[in-house]
Amino acid sequence: MCSEVARPVGADDAARLLRSASSVTVLSHVNPDADTIGSALALAVALERAGTPVRASFPAPHRLPRSLTLLPGTHLLCPPEEVPADSAVAVAVDCSSSDRLGELAGVLDSSGTALVVDHHSTNTGFGDVAVVDPQAQSTTVIVERILRAWGTPVDADIAQCLYAGLVTDTGGLRRADTASLRLTADLLETGFDGPALLRGLMDSHPFAWLPMLGTVLARARLDPEAVGGRGMVHTAIHLEDARGVEWEEVESVIDIVRTSDEAEVAVVLKERPSNDDAPRGLWSVSLRSRGTVDVATVARGLGGGGHRAAAGYPAAGSQDDVLAELRAALGR
Ligand code: AMP
Ligand code: MN
Ligand code: MN
């Protein structure tokens, strides 16, 4: 089942639901990041330890970014076509809406109970029951609460998965609040090599990343009049720029573009492979703000979602048209 409006529940209710489930499927969002995979694998490893049949998956293209293969529990991942349709409980992690699950969205309807665990302010309220906390800096923070309520031990394997989501969603802890820093310390005390994992997740790229960066950074433009005079910096990554590097290398470009001092908002247009429905000009747009502009609201208005300072949406059209629509949405 999957209702129109999920019933909000606490971590203890979610823990009870998982503890009594006869089988569980955990679902991550399309183009998965460390928060959605870390959340899924932490839950899946805990369930496996408890003897519950469990599978984790994410939508096509079902290729795990290289950096996430470092995480424990990847043996519990299966391709979308092998996902059981009739688990007692299906859990969606780090997804603001069901369309983030692509072809796996139907699994929420065909499973017994659909549980949503998320921290996006733009969460649409999908699922049957939901633990949504926009104050949590990562979905893994909420997963840790659920595991604590369950009383299941957070060992070094599970801690690494939780840490991966927390450090990446806080920009390598740069934006971490005191609650996140305390949790980080607790997780590190389980004994895994935090700096090594962080380097693998955030500071490690193939050489081909450097020439790709050179090309797309040379194309960056500053538009000081945009966003009511607060400034916007933008660039685009075409499919040919990204040939020879993984999608996750493309995802990292926004973190460099957003360092431009003169711009309140940073934008990266990432070209997506076209299909018959959309011959050319299909984009995934990344938005970042310094905090005075709520880009989540802008992204939601354009069909996406996210957080106040980090959001995204899908777009179709020429690069100029996509930028013009965005400029209008951000205010002149
Ligand atoms: P990204 O720029 O792709 O790293 O995404 C930044 C934030 O926006 C993340 O929290 C994503 O979950 C969210 N986001 C990105 N794209 C979308 C989308 N198409 N729909 C909903 N949320 C999105
Ligand atoms: Mn995510
Ligand atoms: Mn997240």
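Guide: In the second largest pocket of this predicted model, H6 is the element that contributes most to the lining, with 5 residues. Helices (H or I, at least four residues) and strands (E, at least two) are DSSP runs, numbered from the N terminus. The space in this pocket is about 210 Å³. Val141, Arg145, Arg148, Ala179 and Leu183 are the closest to its centre among the 14 lining residues. Two elements, helix H4 (139–150) and helix H6 (178–188), each give two or more residues to the lining. By type, the lining holds 7 charged residues, 4 nonpolar and 3 polar.

The pocket is an open set of points on a 1 Å grid over the protein atoms alone, where a 1.4 Å probe fits, with protein on both sides within 12 Å along at least five of seven lines; lining residues have an atom within 4 Å of a point. The volume is the space filled by probe spheres set on the points, which are joined across faces, edges and corners. Asp, Glu, Lys and Arg count as charged, Ala, Val, Leu, Ile, Met, Phe, Trp, Tyr, Cys and Pro as nonpolar, and the others, Gly among them, as polar.

An α-helix has 3.6 residues a turn, so residues three or four places apart point the same way.

At the start of H7, the backbone nitrogen of Ala196 has a side-chain oxygen of Asp193 within 3.2 Å.

On conventions, residues are numbered from 1 along each chain as its sequence is written, and chains are lettered from A and ligands numbered from 1 in the order in which they are written. Local features need pLDDT of at least 70, side-chain atom pairs count only at pLDDT 80 or more, totals for chains, interfaces and linings use all residues, and side-chain values use heavy atoms, with hydrogens and water left out.

Methods: A polar contact is a pair of N or O atoms within 3.5 Å; within protein, one must be able to donate a hydrogen and the other to accept it, and residues adjacent in sequence count only if both atoms are side-chain atoms.
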